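This briefing goes through one protein chain by topic. Please look over the sequence and the model before reading on.

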Amino acid sequence: MDISLGSDVEICSNEDGFLGSYYAAKVISRAGKARFRVEYATLLANDQKSPLKEVVRASDLRPEPPQIGASSFNVLDKVDAYDLDGWWVGRVTGRKDGSRYVVHFECSGDEYVYPVSALRVHQEYENGQWVPSQQKARTHRTQAFCRNGSRNVRTPL
């Protein structure tokens, strides 16, 4: 993965309560051989005024995924739901009111309803290429996502 200063990236959180979430950031410097200093686009520092800056491992960083236009989703589609300033990986389990979807989060067992505008097609970054989850499902190359954790703090929309 070729990451340079100023690159727009997403950081995968490994903190309890936030496993399975991705946050938009910009690379601001290198911080060693396999680390980068980033500035988050949506997370704030302790002063609640300036953007949060921290050093992250290269393995927790990926390029910003390309946008895939989607005006609707099907049951069992793997999606990212925008909530709590980040993207959370889940699976569509139902539809409400035409353009609102029920999303189930495997790691916690929670389900929440989101408008289609708060959802995007889930994509995995593999071997330098973005692979949409629907394509992965068609080719039977799905992977388990959970990494031994749950999201305890949630606010439904």
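Is Leu76 buried, partly exposed or exposed? Leu76 is exposed, with a relative accessible area of 55%. The model is a predicted one. It holds one helix and 12 strands, and 41% of its 157 residues are buried.

**Overall fold**

- Along the sequence the elements run β-β-β-β-β-β-β-β-β-β-β-β-α.

**Nonpolar core**

- In the largest nonpolar core there are 25 residues.
- Ile11, Val38, Leu61, Phe73, Tyr114 and Leu119 have the most contacts inside this core.
- At least two core residues come from each of β1, β2 (21–30), β3, β6 (78–83), β7 (86–96), β8 (100–105), β9 (110–115) and β10 (119–121).
- In soluble globular proteins, nonpolar side chains tend to be buried together.

**Largest pocket**

- Strands β1 (8–12), β3 (35–44) and β4 (51–57) each give at least two residues to the lining.
- The largest share is that of β4, with five residues.
- Sorted by class, the lining has 10 nonpolar, six charged and two polar residues.

**Arg62, a buried charged residue**

- Arg62 belongs to strand β5, which spans residues 61–63.
- The relative accessible area of Arg62 is 7%, so this residue counts as buried, the cut-off being under 20%.
- The Arg62 side chain has a polar contact with the side chain of Glu10, at 2.8 Å.
- The side chain of Arg62 also reaches the backbone oxygen of Gln123, at 3.3 Å.

**Cysteines**

- How many disulfides does a search of the whole structure find? The search finds zero.
- A disulfide is a covalent bond between the sulfur atoms of two cysteines.
- For Cys12, the closest cysteine sulfur is that of Cys107, and the distance of 9.9 Å is too far for a bond, because a disulfide needs the two sulfur atoms within 2.5 Å.
- Cys12 is buried, and its relative accessible area is 9%.

**Loops and backbone angles**

- Leu76 sits in the loop between β5 and β6.
- The phi angle of Leu76 is near 80°, which is a positive value in a residue other than glycine.
- Asp97 likewise has a positive phi without being glycine, with a value near 50°.
- Asp97 is in the loop between β7 and β8, and its relative accessibility of 64% makes it exposed.
- Ser99 is also placed in the loop between β7 and β8.
- Ser99 is partly exposed, at 39% relative accessible area, because that value falls between the 20% and 50% cut-offs.
- Ser99 and Ser72 are 27 residues apart along the chain, and their C-alpha atoms are 7.3 Å apart.

Conventions: Residues are numbered from 1 along each chain as its sequence is written. This is a predicted model: local features need pLDDT of at least 70, side-chain atom pairs count only at pLDDT 80 or more; totals for chains, interfaces and linings use all residues. Side-chain values use heavy atoms; hydrogens and water are left out. Helices (H or I, at least four residues) and strands (E, at least two) are DSSP runs, numbered from the N terminus. Ala, Val, Leu, Ile, Met, Phe, Trp, Tyr, Cys and Pro count as nonpolar, Asp, Glu, Lys and Arg as charged, and the others, Gly among them, as polar. Buried means under 20% relative accessible area, exposed over 50%, partly exposed in between (1.4 Å probe, protein chains only). A polar contact is a pair of N or O atoms within 3.5 Å; within protein, one must be able to donate a hydrogen and the other to accept it, and residues adjacent in sequence count only if both atoms are side-chain atoms. A nonpolar core is a set of buried Ala, Val, Leu, Ile, Met, Phe, Trp, Tyr and Cys residues joined through side-chain atoms within 4.5 Å.
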